[in-house]
Amino acid sequence: MKTEQWFHQKTEYDKYRDCPARFLGWQMRTGKTKAIIDNACWLAKECKITGVLVIAPNGVHNNWAIRELPRHNWDNVSYCAFVWKNSNTFNDMEFDLFNNIAMNEQHIKWLCVNMESLIIERVQQAIKRFIRKSDVMVVYDESHHFAVPGAKRTSVARGLARLCKYRRNLTGTMVENSPLQAFSQYELLEKGALGHDTYGSFKEDFAVYGQGYGPGGRRFPKLVGYKNVDELKRRMAPYTSVVLRSDCEDLPPVQVDQVYVELDDRIKAQWKLCKANDLAFLEGMFLQAALTGGAALSKLQQIEGGYWKDGASYRELVPPDSNAKMLVLLEEITLHNGQVIVWCQYLHEIDAISKVLANMHIKSGMVHGGVKDRPQVLESFRAGQFKILVAQPKAGGEGLDMSTASKIIWYSQTPDSIVRAQANERATAVGKEGVQIVDLVSPGGVDDYFLKLTIRKTTLAEDISRKGMREVLESLNLV
């Protein structure tokens, strides 16, 4: 194996790697993706599969190919990967070239598709062509998105699962809101997995309904509770592994992950236009100054967040509540049970996030240079009066105690490694359990570039001084 297994990963691998159907109900950051890659590599070496179909939320599907496979795929198992781009028209020629690659033993093809596109007929046909040419393991990442039995996306996913030799579900929130969410998720693994062929009969066994009344006195069955929950757990058990972060003594105290975000076409178009204009300006003026570079990069970074500076004010390129970056942030927040710090570079990002959270009835507080009562805000956060703290790292990232938080999300990146290190330490404390740090980046963008600078501990000024601003800009290629 390329990377060492944690205890719970090794247990799953040793006991269940050859099972046709498995459900990894592991909390976030407990290593579900590595467990699946190890499983797939073993099945490939045993000549039991030649392909893996990953169906995941938009952006998360990118992460499998860009980050996780290079990190965990075994050295003695070669692979190739194809990522479905939601914002592009599907390229049949590129896909067919990928699909026609001859894969022998110890080789594997990975097709990574965003689940939102499953309702598109053309995508369904492409996936079926892939399955026909390969012995496939299908992976439903964040399978709770398929918890609604009658949804078209769920129906398509269930049909695709029937065509695959091995089936894997991954989520840390399988039945977070209701035991009834189990039915369609386990149907992805095996028809009748929980002892029922229809959702109606499943509800009769495990739900309690009373009489409800709608407008005009219309009667309808109203869900009032659940029954036979222990029996439901017993039926789920043969397929299921549940792992909590608190169960994992071998997890690192600070765990850093990148989540890749595929941006809206309108944002990409504005970003590329702005970059081209900056390059033309540099060409005409022969400017290489770090100060000019910082301003140009800042402008591009704000566009990645969905904003364009129009005169003295900022204009939204897409509505905040439909911005892909915002949606990924909300997913990270809602799937986490504890308190979260969200670091942002810009005030308009903080305002937008706070408004979207308020519309979702999620309490939050703000810390930035314009907030006068910062001590009171921080005290309220430490007292647990709200879940989310949205802050600028330079205003709240140094010397302040925010250790009640168990997760940090970098919505936009700083290029300063010292600022980042200080900000990441705000959630740590002696004797405290691990802290999750999540970086939201779009491959080839400014956030991606800034993150790499902090990892290398190179300042922006140093990098521009060494390469020149033109070379830095040309190295950026938002995909």
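Glu 12 is buried, with a relative accessibility of 9% (buried means under 20% relative accessible area, exposed over 50%, and partly exposed in between, using a 1.4 Å probe and protein chains only). Its side chain meets that of Arg 22 in a salt bridge, 2.9 Å from N to O (a salt bridge is a side-chain nitrogen of Lys or Arg within 4 Å of a carboxyl oxygen of Asp or Glu). This is a predicted model, so local features need pLDDT of at least 70 and side-chain atom pairs count only at pLDDT 80 or more, while totals for chains, interfaces and linings use all residues. Residues are numbered from 1 along each chain as its sequence is written, and side-chain values use heavy atoms, with hydrogens and water left out.

**Salt bridges**

- Glu 12 sits in helix H1 and Arg 22 in strand E1, so their pair ties together parts that are 10 residues apart in sequence (helices, H or I with at least four residues, and strands, E with at least two, are DSSP runs numbered from the N terminus).
- Arg 22 is buried too, at 1% relative accessibility.
- Lys 2 and Asp 75 form another salt bridge, with their closest N and O atoms 3.9 Å apart.
- Because Lys 2 is in the segment before helix H1 (7-16) and Asp 75 is in the loop between helix H3 (60-72) and E3, this pair ties together parts that are 73 residues apart in sequence.
- Lys 2 is partly exposed at 38% relative accessible area, whereas Asp 75 is exposed at 67%.
- Asp 463 and Arg 456 also form a salt bridge, and here the closest N and O atoms are 3.6 Å apart.
- Within that pair, Asp 463 is buried at 0%, while Arg 456 is partly exposed at 43%.
- A network of salt bridges links Asp 205, Glu 231, Arg 234 and Arg 235.
- The count of salt bridges comes to 22.

**A parallel sheet**

- Look for an open sheet of 7 strands in the order E3-E4-E2-E5-E6-E1-E9, with parallel pairing (two strands pair if DSSP finds at least two bridges between them).
- Strands E3 (78-83) and E9 (240-243) are at the edges with a single partner strand each, so one side of each has no neighbour in the sheet.
- From one strand to the next, the twist averages 15 degrees (axes are lines fitted to C-alpha atoms, for helices over the stretch in contact, and angles run from 0 to 180 degrees between N-to-C directions).
- Strand E1 (residues 21-26) runs parallel to strand E6 (residues 166-170), and 4 bridges join them.
- Leu 24 has Leu 170 in E6 as its bridge partner.
- Helix H6 (residues 152-161) lies across strands E2 (51-56), E5 (136-141) and E6, and runs at about 155 degrees to E5.

**Around Asp 439**

- Asp 439 lies in strand E17 (residues 435-441) and is buried, with a relative accessible area of 0%.
- The side chains of Asp 439 and Gln 258 make a polar contact at 3.5 Å (a pair of N or O atoms within 3.5 Å; within protein, one must be able to donate a hydrogen and the other to accept it, and residues adjacent in sequence count only if both atoms are side-chain atoms).
- Leaving aside neighbours within four places in sequence, the contacts of Asp 439 include Val 256, Trp 410, Arg 420 and Leu 451 (contact means heavy atoms within 4.5 Å).

**Confidence**

- The mean pLDDT of the protein chain is 88, and 92% of its residues reach 70 or more (pLDDT is the predictor's confidence in each residue, from 0 to 100).
- Over residues 287-291 the pLDDT is below 50.
- Where pLDDT is low, the predicted coordinates should not be read in detail.
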